[in-house]
Each structure stands twice: as structure tokens, then as C-alpha cells.
Amino acid sequence: MNQNIQQFKADFFKALAHPMRIQILEALCTGDKTVNELQTIVGSEGSAVSQQLSILRSKNVVQGIKEGTSVIYSLRDPLIQELLAVAKRIFDNHLVDAISLLEGMRNEPEASRHLEK
């Protein structure tokens with residue numbers, strides 16, 4: 001049973017593992033969007049956006065509802081917005097650590113940097 005849950009989690013994170021899919025999800029955090037609106041936000045052609053939406057739909061991350069000739073996409077679970085916010089905070093923490101490390105290296109005397117090489 002535990003392995004099935006781990007596989008589900010791995011598949012879920014694979015669905016998120018593409019820059020355009022992250023852009024799409026971030027755009028959907030602000031509200032429902034059509035493919036055309038997502039194209040404009042992402043700055044990509046419709047086929048690429050549709051392909052990424054298809055992957056997100058297949059993993060039940062987004063849903064599409066047909067309205068007339070358009071399909072309106074939305075997040076299936078509002079917790080996706082929280083997940084993206086937590087991921088951003090983790091990323092920010094890593095950046096702060098990297099900046100601190102670089103500042104520490106910059107403050108080292110020149111002679112000690114040459115000795116380490």
C-alpha cells in the first residue's frame with residue numbers, strides 16, 4: 001500500500017515537472033482561463049499549451065469545462081496554489097543560502113582563496 005502512495009506522489013510531481021506546466025498552474029491560481037488566455041500569459045503557441053494542459057488533466061491537476069466553443073481550465077484542487085507557494089518559499093530559502101555562501105566567499109582574503117585551489 002505504501003508503495004502505491006509513493007508512486008502516486010511521484011506521478012503527481014512528474015506532472016508538475018515542466019516549466020510551462022508550472023507557468024500554467026501559476027496563471028490558474030489567479031482564476032479560470034481559456035487556452036487562448038493561457039497562450040498569451042505563457043507566450044507560447046496553442047499546441048504547446050494544449051499538450052501541457054493534456055498532461056495536467058491526465059493527472060487530475062486541472063480540469064476543463066466546455067463553454068460554447070471554448071474550454072475553461074481551472075485547478076482541480078485549490079491546495080495546488082498552496083503547494084506552489086510553499087515551493088517558492090523553499091526556492092527562496094535556497095537562494096538566501098546561496099547568496100550568503102557567495103558573500104562569505106567574497107569576504108575571504110584573496111590569499112586564502114588561492115590556497116584552496
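Which helix lies across β2 and β3, and at about what angle does it run to β2? Helix α4 (residues 46-58) does, running at about 115 degrees to β2. Axes here are lines fitted to C-alpha atoms, for helices over the stretch in contact, with angles from 0 to 180 degrees between N-to-C directions; contact means heavy atoms within 4.5 Å.

## About the model

This is a predicted model, with local features needing pLDDT of at least 70 and side-chain atom pairs pLDDT 80 or more, while totals for chains, interfaces and linings use all residues. Numbering starts from 1 along each chain as its sequence is written, and side-chain values use heavy atoms, leaving out hydrogens and water.

## The sheet

The open sheet has 3 strands, ordered β1-β3-β2, with antiparallel pairing. At its edges sit β1 (33-34) and β2 (62-67), each pairing on one side only. Helices (H or I, at least four residues) and strands (E, at least two) are DSSP runs numbered from the N terminus, and two strands pair if DSSP finds at least two bridges between them.

β2 and β3 (residues 70-75) share 6 bridges in the antiparallel sense. Gly64, for instance, has Tyr73 in β3 as its bridge partner.

## The largest pocket

The largest pocket comes in at about 210 Å³. A pocket is an open set of points on a 1 Å grid over the protein atoms alone, where a 1.4 Å probe fits, with protein on both sides within 12 Å along at least five of seven lines; lining residues have an atom within 4 Å of a point. The volume is the space filled by probe spheres set on the points, which are joined across faces, edges and corners.

Both α1 (2-16) and α5 (79-107) supply at least two lining residues, and α5 gives the largest share, 4 residues. Among the lining residues are Phe8, Phe12, Phe13, Leu79 and Ile80.
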